[in-house]
Amino acid sequence: MDQGTAVSDVTVTDGSRAGELGLKAPRGWGWEFFLHFSTLGVYTCFWMVARLRELRRLEQGDVRPWLWFFVPILAVAQIFALPRLTHYLRGLERHHDITQWGSGRYAWVLLVVAVTVFFHAQESVAMPAWTTLVALVLWASLFSLFEARLNVVKHRMNPACFRHRKRGYALWEWFIVVP
């Protein structure tokens with residue numbers, strides 16, 4: 001990332017490109033948890049694409065968000081993709097002088113991969129229902145944690161760069177949960 005040309009830098013300092021970013025407003029971790037949990041992880045695929053879209057806009061990087069749709073359900077892809085995702089976040093944190101995610105990011109990646117492997121294993125091995133519930137709570141918590149870290153970056157930005165400033169959720173996100 002070239003720190004002199006990052007879109008987030010331009011937005012924070014003079015607001016000249018604020019309307020062009022189209023970022024989602026920072027959202028509470030509780031609502032994120034609810035969406036990841038209540039959809040049994042289906043929301044996570046859409047969440048991943050949306051977060052990569054935002055990271056691409058902020059970093060002006062060469063990221064193809066649609067390729068990340070299956071990352072939440074493929075443990076093999078996670079081994080390569082999630083460290084890259086945390087690298088993007090660390091770059092934004094560094095750019096905004098925010099304490100960077102330290103070695104905890106490795107634990108985050110490891111736990112996400114482990115929960116994914118567990119979900120795949122439970123399809124062929126009988127496991128108690130409570131273990132699935134614990135894994136789902138852990139899954140939702142892990143992605144809520146990532147969203148919370150991204151929100152710290154967003155709080156440093158000019159509020160004009162967010163669309164839907166009063167509500168951070170799109171209508172389609174509620175259609176996933178409500179029915």
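**Close-up views of aromatic pairs and a surface patch**

At 0% relative accessibility, Phe143 counts as buried, a word that stands for under 20% relative accessible area, with exposed meaning over 50% and partly exposed in between (1.4 Å probe, protein chains only). This is a predicted model, in which local features need pLDDT of at least 70 and side-chain atom pairs count only at pLDDT 80 or more, while totals for chains, interfaces and linings use all residues. Residues are numbered from 1 along each chain as its sequence is written, and side-chain values use heavy atoms, with hydrogens and water left out.

**View 1. Trp47 and Phe146 form an edge-to-face aromatic pair.** Rings of Phe, Tyr and Trp (its six-membered ring) pair if their centres lie within 6.5 Å, and planes under 30 degrees apart count as stacked, over 60 as edge-to-face and the rest as tilted. Here the rings are 5.8 Å apart centre to centre, with 85 degrees between the planes. The pair links distant parts of the chain, since Trp47 belongs to helix H4 and Phe146 to helix H7, 99 residues apart; helices (H or I, at least four residues) are DSSP runs, numbered from the N terminus. Both Trp47 and Phe146 are buried.

**View 2. One aromatic cluster is formed by Trp47, Trp101, Trp108, Phe118, Phe119, Trp139, Phe143 and Phe146.** The structure as a whole holds 13 aromatic pairs. With a relative accessibility of 1%, Trp47 counts as buried.

**View 3. Ile73 lies in the loop between H4 and helix H5 (75–95).** Its relative accessible area is 37%, so Ile73 is partly exposed.

Key
Helix = DSSP H or I, 4+ residues; strand = E, 2+ residues; numbered from the N terminus.
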